Amino acid sequence: MYWVLLCMDAEMQKTCVQELVLKQRSEILHALCSSGSAENLEKVLDILLAQGEIIWEDYQNIQEPGRALFAKARQLLDLVYSKGVDACGLLLTAIKQVLPEAPVFAPLFLEYNSALEEDFQSTPTKTLLTQRVSLVSELQNCIDCALDVLVTSGHFTKADCNEARRLLDHVRSKGESAAKLLLHYIQQKPEFGSPLDQKKLTPSKEFLKYQKKLSSSLSAQSFFLSTYGGDSSIPLDHIYTEVQLEPAHDSADFQGPLGPEDIVSKVGSQNEEADTVLVSGQAGSGKSTLLQRFHLLWARGAALQDFLLLFPFSCRRLNSLDRELSIQELLFQHCCWPDKEQEDIFQFILDNPHLILLTFDGLDEFKHSFSDECRICSPTQRVQAHVLLFSLIQGSLMKGVRKVVTSRPEAVGPELKKYICKEVFLKGFSISGIDCFVRKHHSDSTVATKVLESLKTNTALLGLCHSPVLCWIVSHCHKQLLHYGEGSPQTITDVYLMILQHFFQHKSSVKSNTDFSWLKEHFNTVLHLGQLAFEGIENNCYIFSGTDVENCGITESDLCMGFLFQSKYLSSIHGKSYEFLHVTMQCFFAALHIAFSNNIGHSVIPKLFNLQDMRKAATSAVCFRAFVDMSPGRKWTSVGETIGVETANLQITATFVSGLLSQHHQCLWLLGCPKVIMEKRIKQVVRCLSTGMQKHFKSIPQPAEGEKKSMHAMPGFVWLVTCIYEKQDSRIAKDVMHKLEVTHLKLTYCNIGPVECTALAYVLQYLRNPVGLQLDNNFLGDVGVEQLLPCMHICNSLYLRNNNITDVGICKLIAKVIHCDSVQKLALFNNKLTDACIPHFSHLLKTRPDFLSLRLGNNKITAEGAKLLAEGLKFSHSLQYLGLWGNMVGDTGAEALAKALENSKSLVWLSLVGNSIGSAGACSLANLIKTSTSLEELWLTENRINRTGAECLIQALEHNTHVKSIWLRNNDLSLEEVETMSQRESRLVF
């Protein structure tokens, strides 16, 4: 078509240009919006506004705050189309000027191009409008200076300050004098990057020396892996493996894996006024290592170079600060001290907060609860460390400084979240990440291959390895793992016992692998370390003094085992400080103490499992202390106010207690207390799990008349399920699940991964009646899907939206579902499915005559996939709902689907929203409407259907009174066409 248009004369082109805008509507929308940034649209609007093709009211209507980018672009196209040929021609030419590479055809009308270059001689306010495009560009790098000029002159107040486009608009409203002043400033201002500009922005020599010193210090601190005991023999570069990171809120601004700049930048912000980024993830998901990687990349100049200084902090170490200090003292004394000109360097930091990055690792380990009443504004005021941190997060102190905070998700409440600009979820390793980590961990490729082959044969263990800390344990203990053979670890408790064996056998005189002789030899060490770990957990303390260690009877030989290591950053001439390898290791030793120590009272286990009682006890700063036999005069030496028990760590501890007191590990019972006491503790755990589940079941509200009874999992439900799985006792699972009477179980946004899927399948398989299982918005992945297969027989519907599932996982799921007659509905919206898995869905439809609903929206299914699916649809006489929203089936795919469904007597609802379907596809679907006796709703929103296609649909509706609605919003139809068609057919929804 284009070469024909090029051969036409200008007059003939003019008659075609309006139609061209209509035909290229989808391409234009994609060109303006695909980047996720509004900049391209705004530049086009600037050109149209400058040339008078749109007026100021049009501009404001399109740029209405809060509207989606695509909606703004569509309104612009509708407006320009309605204005006629000249407006359409200028629009296409403007797009080509802003986006030269865009696949949009623009007729080369000389008058349009020359119009863009025309130099208007007019009043200053008129010039602000007619030369808007170039003025915006001129102002981008000097808005602050321009504002200073306007404020100084009296034309502006400080409340008038804003960014470039709004500055132009605001100046115009202030009159000719303000406009003339701004134009004069722009003409006289030095070029960005000129000597004057550089002089203002370039830091002093002493600042640059300090920057070099800070980066050198950070590089040294971050060079070796600092987690898992700070093993100084492993360079971070040699072992670091990328983890899965996803924004908490869907955003078109992010495409592909997230990098450091993506996380730290303002892109994707939900709260533009906030400066803090939250990176949340479960214990052991790799939060600390991720920050360490950021620090190393910045120090090397490889990333985050928009920030001149980066200050790293550990909340665990901030807990130990027992004196008041100012923000200047916090930065300089606890990160890096400037050799000279400390006040000048600090003033530069205050003057340029946008060039500074602060990181705070482990907010969940902070012993102070967040309060927005704890705040200061003055950078010189001395307060406790937690007040400084909370003030920084709230922005009352050093507003504009970028902060990255890591935490477990349950530790961040709504009071804190309102100061977060965006949240990023850290979801551990992918399958390829596990492979990469194991191969990096072992220089011997043969050993790495054997470990990976062992994992592939044990999907439960493979699921555990999605957690980086568990993957490290499994890889570290490869000799024990390979020795297990078919009896390899199944539970988290198994994995931690394996690392216990690995460490002790290095020091043990007994090398037998057949029993727990290695543990018998070092059982006193276990009890001593367990006592320290337990008292730390109850006090929310993770760093211990030498006195704490001695009071628990821990000797030098105990320290040599490697579970407790000296904290090099906190130890000083005043004494040594110690930490466990990882917080989960501290929880494990605390569990060993609870399970096997003689010094544990009978009320400890019930308190441990009863979260509500724990929270009540926390308000008085005691939880278990009254139930622990403590020596007379014993005094805990943790510094500061302990706000309460940290629930998440107690949950991990309780999970380990469940595993240790299971029949699976009954050989350990002989090492602990007398048999009578051990049996009592085992019964306590069983009773707590049963009681906890019953509380959840009793909280289920009664359904309204005519509705099904459903249960939305309350906090702690998945944890209790995990505890039951650790027990490895089918009688407990069966007894608990037989009491659950619901028809729908909803577990959305519960941070469920492969580990939790293993536990869920183990427990849910004992439900008496099939349920709808909804696991939307978690991170199951392919391994998680595979772990769910044992409970498929009790599912009548399965909802797995937004779970990062690929063709591999789906193929295994379908292979199982085909043989499970109960499963009648599948929802797999927003995963990573392609045409490759569609033959399996087609086979499912052919072999399951009772299948009711299939929703595959927002995947990567093309016309070829639609054709493959159509082969199965021809044989389906039961399917009622088919959703393919947001794929790429096009006209050819729509035609294949329509033909396959034309004889369906069951289809009620069909969604093909956003599939690039044009009028040819619409006409094919019109044939489906004519013949269908069951279809009620057809969704064709966000496609490319024009008047021809819409006419076919209207004609089809004349033959079908059963259809209730056809949705045609945001297609290639003009406002006049929409109005006319709405009057002709009320069932068309625009």
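How many of the 16 residues of H31 are buried? In this predicted model, local features need pLDDT of at least 70 and side-chain atom pairs count only at pLDDT 80 or more, while totals for chains, interfaces and linings use all residues. Residues are numbered from 1 along each chain as its sequence is written, and side-chain values use heavy atoms, with hydrogens and water left out.

Helices (H or I, at least four residues) and strands (E, at least two) are DSSP runs numbered from the N terminus. Of the 16 residues of H31, 13 are buried, so this helix is largely enclosed by the rest of the structure; buried means under 20% relative accessible area, exposed over 50%, and partly exposed in between (1.4 Å probe, protein chains only). Helix H31 covers residues 523-538 and reaches 22 Å from its first C-alpha to its last, close to the 22 Å expected at 1.5 Å a residue. The expected span is 1.5 Å times one less than the number of residues. Asn540, which follows H31, has a positive phi near 55°.

For helix H6 (residues 69-83), the 15 residues should span 21 Å, and the end C-alpha atoms lie 22 Å apart, which agrees. Buried positions in H6 are Leu69, Lys72, Ala73, Arg74, Leu76, Leu77, Leu79 and Val80. The elements covering them include helices H3 (25-33), H4 (39-50), H5 (56-62) and H7 (85-98). Just after H6, Gly84 adopts a positive phi of about 105°.

Ala220, in helix H15 (residues 205-222), counts as exposed at 56% relative accessibility. Its C-alpha is 8.5 Å from that of Leu296, 76 residues away in sequence.

Leaving aside neighbours within four places in sequence, Phe609 is in contact (heavy atoms within 4.5 Å) with residues including Ala654, Val657, Val685, Leu689 and Trp719.

An open sheet of 11 strands runs in the order E10-E11-E12-E13-E14-E15-E16-E17-E18-E19-E20 with parallel pairing, where two strands pair if DSSP finds at least two bridges between them. Strands E10 (710-712) and E20 (988-989) stand at the edges, each with a single partner strand, so one side of each is left without a neighbour in the sheet. Strands E13 (residues 795-799) and E14 (residues 825-827) pair in the parallel sense over three bridges, and Tyr799 stands opposite Ala827 in E14.
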